[in-house]
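Please keep the sequence and the model in view while reading.

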Amino acid sequence: MTAMAVPSSDEEVRIAPVVARAAEQIMGTLVTAIKTSISSISFLSDSIKATLMTSILAAVNTVVVEVLTQYK
């Protein structure tokens, strides 16, 4: 979770353990759902699927980090 906050920063980020655990569970579920959904789109090539997954997961990660930093 610390590395997610600002990967380029050396500043330590502390997140409440309950918030961190909830975030891990939510992110795990979202990643699985996104990967499953994109993989099931049969008319897309594997390279397009990989690009989509990378872009979508990065966007989701950004939003989750923004929301979590409101609670630190």
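What share of the contacts in the chain with a separation of 6 or more comes from residues 24 or more positions apart? Such residues account for 44% of those contacts, where contact means heavy atoms within 4.5 Å.

This is a predicted model, in which local features need pLDDT of at least 70 and side-chain atom pairs count only at pLDDT 80 or more, while totals for chains, interfaces and linings use all residues. Residues are numbered from 1 along each chain as its sequence is written, and side-chain values use heavy atoms, with hydrogens and water left out.

**Overall build**

The secondary structure comes to three helices and zero strands, and from the N terminus on the elements run α-α-α; helices (H or I, at least four residues) and strands (E, at least two) are DSSP runs, numbered from the N terminus. Of the 72 residues in the chain, 19% are buried, a term that means under 20% relative accessible area, whereas exposed means over 50% and partly exposed lies in between (1.4 Å probe, protein chains only). The accessible surface of the chain comes to about 5,300 Å², and 62% of that surface belongs to carbon and sulfur atoms; accessible areas come from the Shrake-Rupley method with a 1.4 Å probe, and for residues only the protein chains shown count as cover.

**Helices α2 and α3**

Helix α2 has 23 residues and reaches 33 Å from its first C-alpha to its last, close to the 33 Å expected at 1.5 Å a residue; the expected span is 1.5 Å times one less than the number of residues in the helix. For the 24 residues of α3 the corresponding expectation is 34 Å, and the end C-alpha atoms of α3 are 34 Å apart, which agrees.

The buried residues of α2 are Ala20, Ala23, Met27, Ile34 and Ile38, and they pack against α3. In α3, the buried residues are Lys49, Met53, Val60, Val64, Val65 and Leu68.

The largest nonpolar core has eight residues in all, namely Ala23, Met27, Ile34, Ile38, Met53, Val60, Val64 and Leu68. The elements that give two or more residues to this core are α2 (17-39) and α3. A nonpolar core is here a set of buried Ala, Val, Leu, Ile, Met, Phe, Trp, Tyr and Cys residues joined through side-chain atoms within 4.5 Å.

| Pair | Apart in sequence | C-alpha to C-alpha |
|---|---|---|
| Leu52 and Ile34 | 18 residues | 9.6 Å |
| Val65 and Ala23 | 42 residues | 9.2 Å |
| Val31 and Leu57 | 26 residues | 7.0 Å |

Of the residues in these pairs, Val65 lies in helix α3 and is buried, because its relative accessible area is 11%. Val31 has its place in helix α2 and counts as partly exposed, because its relative accessibility is 23%.

**The surface**

Ile48, Leu52 and Ile56 form a nonpolar patch on the surface, and together they have about 210 Å² of accessible area. Patches are made of residues with over 30% relative accessible area and no salt bridge, with like charges joined within 9 Å and nonpolar side chains (Val, Leu, Ile, Met, Phe, Trp, Tyr) joined within 5 Å. Leu52 is found in helix α3 and is partly exposed, with a relative accessible area of 32%; leaving aside neighbours within four places in sequence, Leu52 is in contact with Ile38 and Leu44. Ile56 also has its place in helix α3 (residues 46-69), and Ile56 is partly exposed, because its relative accessible area is 32%.

How many salt bridges does a search of the whole structure find? The search finds one, a salt bridge being a side-chain nitrogen of Lys or Arg within 4 Å of a carboxyl oxygen of Asp or Glu. Glu24 forms a salt bridge with Arg21, and the closest N and O atoms are 3.5 Å apart. Both residues lie in helix α2, where Glu24 and Arg21 are three residues apart, about one turn of the helix. Glu24 counts as partly exposed at 43% relative accessibility, and Arg21 is partly exposed with a relative accessible area of 48%.
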